[in-house]
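Let's take a walk through a protein model together, one piece at a time.

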Amino acid sequence: MKFSIIIPTQNRPELVAVVARHAMRLEPRDYAVIVSDNSTSPEHRQQNAEALREHAEKPNFRIIHPPRVL
């Protein structure tokens, strides 16, 4: 069974890193983790990217950025 885990975040790199780490440890691995990064500045977006770097190249992990701050 395929499913997705959606993680919304805004300016909390430490918290999103913990949540993503736990989500990526789930078994079985037939799922996708999608982080919706709603950062309010380029600096915050960079901090989130650095916090999520360990997962960035995994095939079931994705970071998306809404077109505007929600």
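Is the crossing of α1 and α2 left-handed or right-handed? Keep that one in mind while we look at the rest of the fold, and remember as we go that this is a predicted model.

Start with the sheet. Three strands line up in the order β1-β2-β3, forming an open sheet with parallel pairing. At the edges sit β1, residues 3-9, and β3, residues 61-64, and each of them pairs on one side only. From one strand to the next, the twist averages 20°. As a general point, strands of a sheet pair through backbone hydrogen bonds, and they can do so parallel or antiparallel.

Zoom in on the pairing of β1 with β2, the strand covering residues 31-37: these two run in the parallel sense and share seven bridges. Ser-4 is bridged to Ala-32 of β2, and Ile-5 has Val-33 of β2 as its bridge partner.

Now bring in the helices. Helix α1, made of residues 13-24, lies across β1, β2 and β3, and it runs at about 170° to β1. Its partner is helix α2, residues 42-51; the two pack at an angle of about 30°, with their axes 9 Å apart. Angles under 35 degrees count as roughly parallel, which is why α1 is described as roughly parallel to α2. The contact involves Pro-13, Val-16 and Ala-17 from α1, and Gln-47, Asn-48 and Ala-51 from α2. And here's the answer to the opening question: the crossing of α1 and α2 is right-handed.

So what makes up the largest nonpolar core? Eleven residues do, among them Ile-5, Ile-7, Leu-52 and Phe-61. β1, α1 and β2 are the elements that give two or more residues to this core, and α1 gives the most, with four. Setting aside its neighbours within four places in sequence, Ile-5 is in contact with Ala-23, Leu-26, Tyr-31, Ala-32, Val-33 and Ile-34.

For contrast, find Glu-43 in helix α2. Its relative accessibility is 53%, and because anything over 50% is called exposed, Glu-43 counts as exposed. Glu-43 and Pro-8 are 35 residues apart in sequence, and their C-alpha atoms are 18 Å apart in space.

Asn-11 sits in the loop between β1 and α1. Although Asn-11 is not a glycine, it has a positive phi of about 60°. At 25% relative accessibility, Asn-11 counts as partly exposed. Further along, Pro-28 has its place in the loop between α1 and β2. Look at the peptide bond from Glu-27 to Pro-28: that bond is cis, with omega near -10°.

Key:
Residues are numbered from 1 along each chain as its sequence is written. This is a predicted model: local features need pLDDT of at least 70, side-chain atom pairs count only at pLDDT 80 or more; totals for chains, interfaces and linings use all residues. Side-chain values use heavy atoms; hydrogens and water are left out. Two strands pair if DSSP finds at least two bridges between them. Axes are lines fitted to C-alpha atoms, for helices over the stretch in contact, and angles run from 0 to 180 degrees between N-to-C directions. Contact means heavy atoms within 4.5 Å. A nonpolar core is a set of buried Ala, Val, Leu, Ile, Met, Phe, Trp, Tyr and Cys residues joined through side-chain atoms within 4.5 Å. Buried means under 20% relative accessible area, exposed over 50%, partly exposed in between (1.4 Å probe, protein chains only). Angles under 35 degrees count as roughly parallel, over 145 as roughly antiparallel, 65 to 115 as roughly perpendicular and the rest as oblique. A crossing is left-handed if the near helix is turned anticlockwise from the far one by less than a right angle, and right-handed if clockwise.
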